[in-house]
Every structure is written in C-alpha cells, then in structure tokens.
Amino acid sequence: MRILLLNQFFYPDSAATSQLLTDLARGLAAEGHCVRAICGHSSYAAPEALNPPPVEIVRTPDFPFGRGLLARACSYTSFLAGALCYSLLGPRPDLILTLTTPPALGVLGSLIKAITGARHFIWEMDVYPDIAVDLDVLNPRSWLTRTLGAAFDISRRRADGIIALGECMRARLIGRGIPESRIQIAENWADGREIYPLPFPDPEPLRI
C-alpha cells in the first residue's frame, strides 16, 4: 500500500509529533508498505541522533518555525502550500494520514482525498480551534473561530477515520458533532527499551 504521511515535523526533529510519526513510519515500512513522508525544513526542537526511517522523506521549502503568532502563521501557511504541491505531484497514494501541525492539515488531507480518491485519516494531536480558545488565543464567538471550527469539522466528517489520544479527546470530538463510529483511540507510546523505570536505591540506615 502507498501511504502518504503529512506533518510539518518529522525525523530527525525531536518534537513529540515527529518522534511518534517516525516510529509509525518505521513500523509501516517494516510491514512492507511504501511510505512517503512530507514535512518541512523548519524544526520545532533540537534534532536527535537516530537512524533515519526507511521511507521517502520530502521536505518542503517553508518559513522557519517561530513562537510568535505571525512567525507561526507564516511557517504554517508556507508548509501547507508546499505540502499540497508535493502531494499532488508525487505518486498517487492509497491512504493519507495527516496530523495537526499545522492545525489546518486535516483540511488539506480532505482536499487531496477528493482529488486522488485515497482514504484519509486524521491523527488528532490537538483539537482545534478548541485548544486556542481554552488558551485565550481565540475568542470563542469570533467569526475566525467559527470559520476555522466549521472547516476543521467538515474535514473530520469527510475523513475515513479519526485517531484520538484518549477518552477526553473522543468526548470533545463527539461534542463537535463527529460520529462516534469514526473515532478510534490510540494512546501515545514510548519505546520500553529506551525509557524504563529504574529500581529504587537501597534505603540508607537511619542515623540519630
């Protein structure tokens, strides 16, 4: 199966979404799938010295990622434009998986699905615009919030499936009108060979 992965951050970036998607890409390649990952040149966190996954990695020419609102908007917009071009110019995928960096990536996945006929799944790392409202970045009653919410929800309803991180996120998505049957839960994971609990040290004798 030809699988297209879309997220602004990917190997070797150490952002959480990058690490999880890189792990998934390795697993899909090991199962014999032909995996193509489209990501940006900009980075969110310092890269890690890992072996590259055996997949095709396509990097779009996007603006550097910044913490400020304007810098972030420019980086997001440039990545979305590049990702659309590279997705349509590349091999026709059988399945598209979009994450939520940038937040509008699910909308882009819906567009690519409509053009290519591929199945589309959204891996929700954050529920937008809800998280921006909860952080007081967006006004819940503004026209921008309502427009973004409507666009994101349309792409969610048109997707073949939504991957949520837990029951709270599933409830949030259902509250936005997403059919419960479309939502599956896949909690974030870690490699138990690299992250594991250490034994407690032996207690020192009590000295008086």
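## The network

Which residues are linked in a network of salt bridges? They are Glu 124, Asp 130, Asp 134, Asp 153, Arg 156, Arg 172 and Arg 176. A salt bridge here is a side-chain nitrogen of Lys or Arg within 4 Å of a carboxyl oxygen of Asp or Glu, and the structure holds 10 of them.

This is a predicted model, where local features need pLDDT of at least 70, side-chain atom pairs count only at pLDDT 80 or more, and totals for chains, interfaces and linings use all residues. Residues are numbered from 1 along each chain as its sequence is written, and side-chain values use heavy atoms, with hydrogens and water left out.

Asp 130 and Arg 176 meet through their side chains at 2.7 Å, N to O. Asp 130 sits in helix 4 (residues 130–134) and Arg 176 in the loop between helix 6 (167–175) and strand 7 (183–185), so this bridge ties together parts 46 residues apart in sequence. Helices (H or I, at least four residues) and strands (E, at least two) are DSSP runs, numbered from the N terminus.

Asp 130 is buried, at 10% relative accessible area. The cut-offs are under 20% for buried, over 50% for exposed and in between for partly exposed (1.4 Å probe, protein chains only).

## Within helix 6: Glu 167 and Arg 170

Glu 167 pairs up with Arg 170, and their closest N and O atoms are 3.3 Å apart. The two are three residues apart in helix 6, so about one helical turn separates them. Glu 167 is exposed at 54% relative accessibility, while Arg 170 is buried at 18%.
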